[in-house]
Amino acid sequence: MTRSDPIADSVPAGEAEVAPRRRTKAPEIRAVALMDAAERLFIEKGIAATSIDDIAAGAQVAKGTFYLYFPSKEAMLGALQQRFVDTFCERLQNAMDRHRPGNHHARLKAWVETGLETYLDNVALHDVVFHEYRPENRRMRNDNAVITQLVGLLKQGDAAGVWEVEDATLTAVILFNALHGVADDAVAMGPAGDPLADRRRRARALTRFFEQALHPDVIDDSDA
């Protein structure tokens, strides 16, 4: 004699074989899921080889759902670029905010160290989402939020008399490109024997370069 299944017995006749109702994702969750899927696929397959069908399948939504949020794959790429920049700036700001507002040297050092670390930790994503970032389209002064953030830091230090900056925007462009160049060099050189030590060495060199470019007579790494 077999025992009956109390759960099965409790289901009314005719309903035991009905499939469970499919849960729909909230709009903001669907948008993030689409972006996450596109990001992953762009890195794995490349942008050209990734279709909108691939992205929708990766996000587990219908293809039509993609078009509710993004008119094209190019629009998706633009959204991923903006998310990368927003996340980058947020990490930089959080690092600077660990130091008091008046300690401009410590905040600058935090900006350098976190910028280098964030770039190197996300180099594959950076390379794929900015693959169409060509020189003729680079409007750094107006469109680069990271440079805009650095301009603010330079102006604050200049106003406080910590360093002297004649043209904060141009100086920020130069310093940003120095950071970018050091990060690219690290990638080109391949994995270091001690990656953490290599990052620290590069961050120290960058910080010293920044300080000497801004105020060569004063270098103060303390955080009072």
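What follows is a chat about a predicted model of a protein chain.

Biologist: Among contacts between residues at least 6 apart in sequence, what percentage join residues at least 24 apart?
Modeller: A contact here means heavy atoms within 4.5 Å. Of the contacts in the protein chain between residues at least 6 apart, the part joining residues at least 24 apart is 68%.

Biologist: Now helix packing. Are H5 and H9 roughly parallel or roughly antiparallel to each other?
Modeller: Helix H5 covers residues 73–96, and its axis comes within 9 Å of the axis of H9, crossing at roughly 25°. Angles under 35 degrees count as roughly parallel. So the word for H5 and H9 is roughly parallel.

Biologist: Which residues of H9 meet H5, and how do the residues of that contact divide?
Modeller: On the H5 side you'll find Val85, Phe88, Cys89, Leu92, Gln93 and Met96, and they meet Ala145, Val146, Gln149 and Leu153 in H9. The residues of this contact divide into eight nonpolar, two polar and no charged.

Biologist: What about H9 and H10: what is the word for how H9 lies to H10?
Modeller: H9 (residues 145–159) and H10 (residues 168–189) have axes 9 Å apart and pack at an angle of about 120°. That angle is why H9 is called, relative to H10, oblique.

Biologist: Is the crossing of H9 and H10 left-handed or right-handed? And how do the residues in their contact divide?
Modeller: From H9 come Val146, Ile147, Leu150, Val151, Leu154 and Lys155, while H10 brings Ala168, Thr169, Thr171, Ala172, Val173, Leu175 and Phe176. These divide into 10 nonpolar, two polar and one charged. As for the crossing of H9 and H10, it's right-handed.

Biologist: How far apart in space are Val146 and Gly115, C-alpha to C-alpha?
Modeller: In sequence, Val146 and Gly115 are 31 residues apart. In space, their C-alpha to C-alpha distance is 9.3 Å.

Biologist: Over to Arg202. Which side chain makes a polar contact with the side chain of Arg202?
Modeller: Arg202 is found in helix H11 (residues 195–214), and at a relative accessible area of 9% it is buried. Not counting residues up to four places away in sequence, Arg202 touches Leu116, Val182, Asp185, Ala186 and Met189. The polar contact, at 2.9 Å, is with the side chain of Asp185.

Biologist: Last one: which residue has a positive phi although it is not a glycine?
Modeller: Most residues other than glycine have a negative phi. With a phi of about 60°, the residue is Gln60.

Definitions and conventions: Residues numbered from 1 in each chain as written. Predicted model: local features only at pLDDT ≥ 70, side-chain atom pairs only at ≥ 80, totals over all residues. Heavy atoms only, no water. Axes fitted to C-alpha atoms, helices over the stretch in contact; angles between N-to-C directions. Helix = DSSP H or I, 4+ residues; strand = E, 2+ residues; numbered from the N terminus. Parallel < 35°, antiparallel > 145°, perpendicular 65-115°, else oblique. Left-handed = near helix turned anticlockwise from the far one by under 90°. Nonpolar A, V, L, I, M, F, W, Y, C, P; charged D, E, K, R; others polar. Buried < 20%, exposed > 50% of the residue type's maximum accessible area, 1.4 Å probe, protein only. Polar contact = N/O pair within 3.5 Å; in protein donor to acceptor, adjacent residues only side chain to side chain.
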